[in-house]
Amino acid sequence: MQVPRIVGVLGAAGQMGSGIAEVLGQRSGCTVLRYDPVKEPEKDINVLRGAEFLIEAVPEVFETKVAVYKALEEARVWTEHVVLASNTSSLSITRLAATSKFPENFIGMHFFYPVQRMNIVEIVCGLRTSENTVEVTESLARKMGKECARCVSDSPGFVSNRILMPYINEAIETLREGTADAKDIDRIMKLGTNVPMGPLALADFIGLDTCLNILRVLEQGLPGGSVKYRASPLLVKYVDAGWLGRKTKRGFYTYD
C-alpha cells in the first residue's frame with residue numbers, strides 16, 4: 001500500500017470540495033490538484049493528470065456524478081492505478097461503482113461540513129471495493145487528521161444521514177403542525193439533548209435542498225421508506241421556493 005502524494009479534488013470550488021482541498025493542502029502534505037466541472041466548466045479536466053487519488057465532491061445527483069466519472073475515464077485521469085473516492089452523503093457506492101471501468105478502485109469517503117472542523121470520515125465500501133482501496137483511503141484520511149469509521153454495508157444514507165435526516169425531518173413536521181416555533185424547537189433540542197445546534201438551524205446549515213435529496217434517497221432505498229422517510233411537505237415547499245438555508249440567506253431562519 002502506497003500513501004497518495006498527489007490528490008485531485010473534483011468540485012473544488014463548491015462548499016464541500018473547497019473544504020476538502022483546503023484540509024488536504026494544510027494537513028496532509030500532499031500536492032492538491034483542483035478542478036470543478038460544474039462551477040468552472042471552462043477549465044480542462046487534464047489539470048488532474050498525475051493525481052494518484054481522486055476525491056469527487058460534485059452535487060448530490062447520480063447522473064452528474066456518473067458523467068464526471070466517464071469524463072475522468074475518457075481523459076485517462078482515472079485509471080486502474082488510481083483510487084476514486086466519492087464524497088456522496090447518501091447514494092449507493094455499489095451502484096455508482098457499477099457505472100465505471102474500475103469498481104474495485106471506487107469507494108465512499110463521506111466528509112462532514114465544515115471539513116476544517118469535523119474530524120471524522122465515513123468510509124463506505126461497495127460490493128466490489130478492494131481491501132487495498134480501503135486501506136489507501138483510510139491512510140489518506142488519517143494524513144488529513146481525520147478519524148475513520150468504516151461502513152461495511154452500502155446502505156442508503158450510510159450511518160450518519162440514515163439517523164440524522166429523520167430527526168431533522170421530524171423537527172420540520174413539528175414546525176409545520178404548529179407545536180412550537182422554530183426557535184423553541186431548536187432551543188429545546190439544543191439545551192435538552194446537549195447538542196451544539198438545533199435541528200432546524202442544522203438543516204439551514206446543511207442546505208434544505210441537500211436534506212430533501214437525501215430523504216428521497218432514503219425513501220426510495222430503504223424498507224418502509226415511503227412512510228418512514230417521506231419528506232415533510234414544508235421542506236418540499238421551502239425548496240420549491242428557493243429557500244435553501246444559509247446559502248440563499250433564507251430557510252427556517254433569515255440570514256444577513
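The report that follows takes the annotated spans, the salt bridges and a charged patch in turn.

## Basis of the model

This is a predicted model, in which local features need pLDDT of at least 70 and side-chain atom pairs count only at pLDDT 80 or more, while totals for chains, interfaces and linings use all residues. Residues are numbered from 1 along each chain as its sequence is written, and side-chain values use heavy atoms, with hydrogens and water left out.

## Annotated spans

In the model, residues 42-151 are 28% helix and 21% strand, with end C-alpha atoms 36 Å apart, whereas residues 157-255 are 64% helix and 0% strand, with end C-alpha atoms 28 Å apart. Helices (H or I, at least four residues) and strands (E, at least two) are DSSP runs, numbered from the N terminus.

Gly224 lies in the loop between helix H8 (208-221) and helix H9 (225-228), and Gly224 is partly exposed at a relative accessible area of 48%. Here buried means under 20% relative accessible area, exposed over 50%, and partly exposed in between (1.4 Å probe, protein chains only). From Gly224 to Thr248 the separation is 24 residues in sequence and 33 Å in space, C-alpha to C-alpha.

## Salt bridges

With a salt bridge taken as a side-chain nitrogen of Lys or Arg within 4 Å of a carboxyl oxygen of Asp or Glu, the count comes to 10 salt bridges. One of them pairs Glu56 with Lys65, the closest N and O atoms being 2.5 Å apart; Glu56 is buried at 0% relative accessibility, and Lys65 is buried at 1%.

Glu131 and Arg150 form another salt bridge, with the closest N and O atoms 3.6 Å apart. Glu131 lies in helix H4 (residues 131-143) and Arg150 in strand E7 (residues 147-151), so this pair ties together parts that are 19 residues apart in sequence. Glu131 is partly exposed at 43%, as is Arg150 at 37%. Salt bridges that share partners also join Glu56, Glu60 and Lys65 into one network.

## A positive patch

Arg49, Lys70, Arg76 and Lys101 form a positive surface patch, a patch being made of residues with over 30% relative accessible area and no salt bridge, with like charges joined within 9 Å and nonpolar side chains (Val, Leu, Ile, Met, Phe, Trp, Tyr) within 5 Å. Arg49 is placed in the loop between strand E2 (31-35) and strand E3 (53-56), and Arg49 is partly exposed, with a relative accessible area of 46%.

Note on methods. Areas by Shrake-Rupley, 256 points an atom, 1.4 Å probe, with all protein chains shown as cover. Lys, Arg positive; Asp, Glu negative; His and termini not counted. Charge placed at Lys NZ, Arg CZ, Asp CG, Glu CD.
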